[in-house]
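User: I am new to reading protein models and would like to learn how terms are applied to one. Could we go through this one together, with each term set against its definition?

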Amino acid sequence: MQKQTLKDWLKGQGATKGVSDILLAIAGSCIKIAKIVKNAPLDGLIGASSQTNVQGEVQKDLDIITNDLMVGDLLRISSVSAMVSEEIDEVIQNPNKSKNANLTVCFDPLDGSSNIDNNGIIGTIFSVLELASNSKNITSNDVLSASKNQKAAGYFIYGPACLLMVSVGNKVSMFSLSEKQQRFLLVDGDISIAKNSNEFAINMSYQRFWDSAIAKYIEQCLLGEMGERKKNFNMRWAGSMVADVHRIFMHGGVFIYPSMDKKGSENGKLRFLYEANPMAMLVENAGGMAISNPAPIREISATNIHQRVPVVLRTSGEVEILLKLYQNIK
Ligand code: AHG
Ligand code: MN
Ligand code: MN
């Protein structure tokens, strides 16, 4: 039986034409990105460019190539009023937008770039915000004040399979790219995060910089059945948010990129608009919780389009434990 296409799924989810046009355009861009990534070693594109982005990070060739490809494709969509990309300092205006266009796309064109040269899992993260304004020139404040009005969120993973995880407001669904048909076909229409798990994902090399609640939580995981949790844990860290968070959807567990007592990492590393906020929508729509020291991520009012925020994404069952630990350190 023919599996459902992304286009038909969008219709079934009641997505507006504006949102559907954007998601289908991004899916088209990511089919091209999947090919570029596959051929990158032969094309000499697994290295660093000579440029740095607004984050002060050295951009990889593929960061720039994928960014330019997505911007070019989205500029042709009349429902796109503007864009925010990890790789571009300012809000990108869309001169081809229609008069009443009020949807802004925030995206991380290539997430996990440190994994390009070692052929690790990388991906693309996107978020579609409905702005209150459809003025000619979209400002950073127009975008930031719309962050709680997320109409769609998702990520692509360029791994053994090219996957898409997406939500347009209620369920989270998973698609896989059909090489033959060159389009995304539905694999699972209603993903829900397992309640219990024994996996945690955090970069342990920063342990000395954590706050005491995170330190205590991880200490309990490491003590295993000898400690208060009375069960053993497994640690995973891919260094690519899409890979580490996808594991939460598949196995349950927790993903933590905390605030740290380390210069430049006081708010962690992950950016609110195009990493934390979209992942928070997906995790919550799949029955998990998304908190940030420990306020809900989706209630954050960011003040800068590249603002970093601490991130904890997890099965709901685990959140209570961490929230209690935050209560104790108040
Ligand atoms: P990006 O490649 O878009 O800059 O994102 C990298 C992020 C995220 O994907 C991952 O979870 C995190 O960086 C890993 O950080 P560390 O290298 O500090 O572990
Ligand atoms: Mn990223
Ligand atoms: Mn990136």
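User: Along the chain, what spacing do the donors of the manganese ion (ligand 2) follow?

Analyst: The donors of the manganese ion (ligand 2) follow the spacing D-x2-D-x163-E. Before going on, please keep in mind that this is a predicted model, in which local features need pLDDT of at least 70 and side-chain atom pairs count only at pLDDT 80 or more, while totals for chains, interfaces and linings use all residues. Residues are numbered from 1 along each chain as its sequence is written, chains are lettered from A and ligands numbered from 1 in the order in which they are written, and side-chain values use heavy atoms, with hydrogens and water left out.

User: What makes a residue a donor of the manganese ion (ligand 2)?

Analyst: Donors are N, O and S atoms within 2.8 Å of the metal (3.2 Å for Na, K and Ca), and since water is not among the atoms, sites may look incomplete. Asp108 (OD), Asp111 (OD) and Glu275 (OE) coordinate the manganese ion (ligand 2) at 1.9 to 2.1 Å, so they meet the cut-off. Asp111 in strand β5 and Glu275 in helix α7 (residues 272-285) are 164 residues apart, and this pair links distant parts of the chain; helices (H or I, at least four residues) and strands (E, at least two) are DSSP runs, numbered from the N terminus.

User: Which residue bridges the manganese ion (ligand 2) and the manganese ion (ligand 3)?

Analyst: Asp108 bridges these two ions, which lie 3.7 Å apart. The manganese ion (ligand 3) is coordinated by Glu86 (OE), Asp108 (OD) and Leu110 (O), at 2.2 to 2.3 Å. Glu86 lies in the loop between β3 (80-85) and β4 (92-93) and Asp108 in strand β5 (residues 103-111), so the pair ties together parts that are 22 residues apart in sequence.

User: Why is Glu86 called buried?

Analyst: Buried means under 20% relative accessible area, exposed means over 50%, and partly exposed is in between, using a 1.4 Å probe and protein chains only. Glu86 has 5% relative accessibility, and therefore counts as buried. Asp108, with a relative accessible area of 0%, is buried, and His306, at 10%, also counts as buried.

User: How do you know that the side chain of His306 makes a polar contact with Asp89?

Analyst: A polar contact is a pair of N or O atoms within 3.5 Å; within protein, one must be able to donate a hydrogen and the other to accept it, and residues adjacent in sequence count only if both atoms are side-chain atoms. The side chain of His306 reaches the backbone oxygen of Asp89 at 3.1 Å, so the distance falls within the cut-off. His306 lies in the loop between β15 (295-296) and β16.
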